[in-house]
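Subject: Structure for you to look at

Hello,

Here is the structure I promised to pass on. Please open it and keep it beside you as you read my notes.

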Amino acid sequence: MNTYISAWPPLVIEDRFPRRVAVLGCTGSIGVNALKVAALHPDLLRVSALAAGRNAALLAEQAATFRPPLLAVLDEASAKALRAALPPGYSPDILVGPAGYETAAAQPEADVVLSSIVGAAGFPPTLAAARAGKIVALANKESLVLGGHLIRAACRKSGAVVLPVDSEHNALFQGLLGHADETPTRLILTASGGPFRGRTRAELAGVTVAQALNHPNWCMGPKVSIDSATLMNKGLEIIEACHLYGLPAERVDAVVHPQSIVHSLVEYADGSQIAHLSHPDMRLPIAHCLCFPRHLPLGLKTLDLARVGSLTFEAPDDEAFPCLGLAKAAYAAGESHPIVLNAVNEVAVERFLAGAIGFLDLPRALERALAEHAPCPVGRPEDVLALDRAARARAAELL
């Protein structure tokens, strides 16, 4: 696919195992599942680095199991707790702070970098991995929302390859395999609809944090769960798909599919659509990326469509869930608008989780911030990060 963000993977990835993997965000849900895959296939995957935020206890447990030579944490307090929790006789290098994540992403010992740090903090290490020419298993959608144009340029220069971990984008990727010379007419991402599917905007006014975190199908971290409840997650994924596959927003759609069995569909010129189906379990796309192009046995239950019964689809409710439309409009407005969108959304989700604002305050803050924003150049990483900081400051005022 000549519009893909990097070289099309089947042409460039050598079938060389075991692969050495740096897991960034190892204590989050994606990282934990990735290490389950690595533990299941030690002949194929070796862990070369682990990076976490402040969860030193879980990181120490993971490090004791896989014994990578490099660890990274967010601050000195976490590094101190980590050193104290490591087993005797094991003395890895421990890096501290955001610069440590970038070093871990670019380390020569890693063949594959799993980028799964949550939020905008994942952008600099993802860019570092792309600049270092790695295979980037990308689970951090914000990297592309903020700087997809920069990561595309870095991949073209270094030869880095991006493999999408998000279940929807991995499904699209698999629907495109074998069709490298064709450009799809449309990409269709499915959305579960989250915990509030079917509710009107008025009915959403009083929903609680606990209700918003109660996703019907997927087990995810709190930030992604709230984004799923507002449909912002699907909006960010549409932006991610545009960057990954090089298509305009009007050729990337979303459809609500409550069963979460069909993960996405690729439509071709003859009107046919190729879908990817499985039970919702993130180990499947993670393993596909880490061991691409292989499909590994994972011990997961197989899909029995007769037991599933019916698969249903419906259009998103744009009035009750305006975040989806806001995200598409932000992408169409230029490179700087999605940075503002993401920054304000991250601040708003934090405030909602803290109980400081209501559910409907999230889209209200986004609408106002985007309406105020005037497009500006973001051709350098420092431009992206400066705008991200400014947008967060404005979000704090609005909320």
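A residue counts as buried when its relative accessible area is under 20%. L231 has a relative accessible area of 7%, so L231 is buried. Keep that cut-off in mind, because several residues below are judged by it. Please also remember that this is a predicted model.

L231 sits in the loop between helix 9 (222-230) and helix 10. Its phi is near 70°, a positive value in a residue other than glycine. Most residues other than glycine have a negative phi.

S260 is another case. Its phi is positive too, at about 55°, and S260 is not a glycine. Look for S260 in the loop between strand 9 (252-256) and strand 10 (262-267). S260 has 5% relative accessibility, so S260 counts as buried.

**Two cis peptide bonds**

Most peptide bonds are trans. The bond from F17 to P18 is cis, with omega near 0°. P18 lies in the segment before strand 1. The bond from F292 to P293 is also cis, and its omega is near 10°. P293 belongs to the loop between helix 11 (283-290) and helix 12.

**F196 and F321**

Next, find two phenylalanines. F196 is in the loop between strand 8 (186-191) and helix 8 (209-213). F321 is in the loop between helix 12 (305-308) and helix 13. Are they buried or exposed? F196 has 1% relative accessibility, so F196 counts as buried. F321 has 5%, so F321 is buried as well.

What does F196 touch, leaving out residues up to four places away in sequence? The list is L204, V207, Q211, A212, A229, F321 and F359.

F196 and A171 are 25 residues apart along the chain, and their C-alpha atoms are separated by 25 Å. F321 and E102 are 219 residues apart in sequence, with 36 Å from C-alpha to C-alpha.

**Two helix pairs**

Two packed helices are described by the angle between their axes and the distance between the axes.

Take helix 10 (residues 232-245) and helix 13 (residues 323-333). Their axes come within 7 Å and cross at roughly 30°. That angle makes helix 10 roughly parallel to helix 13. Which residues make the contact? Helix 10 supplies M232, K234, G235, L236, I238, I239, C242 and H243. Helix 13 supplies C323, L324, A327, K328 and Y331. The crossing of helix 10 and helix 13 is right-handed.

Now take helix 7 (residues 167-176) and helix 11. Their axes come within 9 Å and cross at roughly 55°. Helix 7 and helix 11 are therefore oblique to each other. This crossing is left-handed. S167, N170, F173 and Q174 of helix 7 meet P285, H288 and C289 of helix 11.

**Helix 4**

Helix 4 covers residues 98-106, and its buried residues are G100, Y101, A104 and A105. Where on the helix are they? They cover an arc of only 140° around the axis, so they lie on the same side of helix 4. What do these buried residues pack against? Their partners are strand 1 (19-24), strand 2 (45-51), strand 3 (70-73), strand 4 (93-96), strand 5 (112-115) and helix 5 (123-131).

**The largest nonpolar core**

Finish with the core. The largest nonpolar core has 131 residues. Which of them touch the most other members? They are Y4, L50, L71, L82, Y245 and L341. Helix 14 (residues 337-353) gives the largest share of this core, with nine residues.

Pick L50 and look around it. Leaving out residues up to four places away in sequence, L50 touches V23, C26, L35, L59, Q62, A63, P68, L70, L71 and A72.

Best wishes

Technical notes:
Residues numbered from 1 in each chain as written. Predicted model: local features only at pLDDT ≥ 70, side-chain atom pairs only at ≥ 80, totals over all residues. Heavy atoms only, no water. Core = buried A, V, L, I, M, F, W, Y, C linked by side-chain atoms within 4.5 Å. Buried < 20%, exposed > 50% of the residue type's maximum accessible area, 1.4 Å probe, protein only. Helix = DSSP H or I, 4+ residues; strand = E, 2+ residues; numbered from the N terminus. Contact = heavy atoms within 4.5 Å. Arc of directions from axis to C-beta. Axes fitted to C-alpha atoms, helices over the stretch in contact; angles between N-to-C directions. Parallel < 35°, antiparallel > 145°, perpendicular 65-115°, else oblique. Left-handed = near helix turned anticlockwise from the far one by under 90°.
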